[in-house]
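Dear colleague,

Please find below the structure for your files.

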Amino acid sequence: QVQVVESGGGLVQPGGSLRLSCAASGFTFSRYLMSWYRQAPGKERELVATISTTGGGTSYADSVKGRFRISRDNAKNTVYLQMNSLKPEDTAVYYCKAVRFSAEYWGQGTQVTVSS
């Protein structure tokens with residue numbers, strides 16, 4: 001059974017940090033591109049960051065570039081999103097996605113709330 005499970009969300013003050021984790025199973029993790037998306041209330045889901053199969057290539061949305069960092073550990077079947085200098089506008093449900101050709105797997109999401 002394919003599973004993509006996010007964790008690490010929570011409540012943090014502006015300027016704080018969180019690290020999200022996404023644990024995958026049921027497919028060959030190392031062959032999949034991994035991405036983080038987020039969806040804030042009343043807004044469309046947006047791509048936050050993507051990482052290549054080896055971890056050698058990354059890309060970020062302009063809104064998070066310089067603050068967030070995506071990484072992966074293929075030995076642990078896990079992708080991470082390190083979020084620093086958090087802002088209230090980062091508040092959203094964060095989703096992990098695995099993709100390879102036409103195959104696409106989504107996690108259930110984890111809530112991140114940035115508020116004082």
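Which handedness does the link of Cys22 and Cys96 have? The link is left-handed, with -85 degrees about the S-S bond.

Before the remaining findings, a note on the basis of the values. This is a predicted model, in which local features need pLDDT of at least 70 and side-chain atom pairs count only at pLDDT 80 or more, while totals for chains, interfaces and linings use all residues. Residues are numbered from 1 along each chain as its sequence is written, and side-chain values use heavy atoms, with hydrogens and water left out.

The disulfide

A disulfide is a covalent bond between the sulfur atoms of two cysteines. With the criterion of a pair of cysteine sulfur atoms within 2.5 Å, the count comes to one disulfide. It joins Cys22 to Cys96, with an S to S distance of 2.1 Å. Cys22 belongs to strand β3 (residues 18-25) and Cys96 to strand β9 (residues 92-100), so the pair ties together parts that are 74 residues apart in sequence.

The overall fold

The protein has zero helices and 11 strands; here helices (H or I, at least four residues) and strands (E, at least two) are DSSP runs, numbered from the N terminus. The radius of gyration is 13 Å, close to the 13 Å that the globule rule gives for 116 residues, so the protein is as compact as a globular protein of that length. This radius is taken over C-alpha atoms, and the globule rule is 2.2 Å times the number of residues to the power 0.38. Along the principal axes, the C-alpha atoms fill a box of roughly 40 × 25 × 25 Å.

Of the 116 residues, 43% count as buried. Among contacts (heavy atoms within 4.5 Å) with a separation of 6 or more, 52% come from residues 24 or more positions apart.

A residue in strand β7

Ser71 lies in strand β7 (residues 68-73) and is buried, with a relative accessible area of 19%. Leaving aside neighbours within four places in sequence, Ser71 is in contact with Ile51, Thr78, Val79 and Tyr80.

Yours sincerely

Terms used:
Buried means under 20% relative accessible area, exposed over 50%, partly exposed in between (1.4 Å probe, protein chains only).
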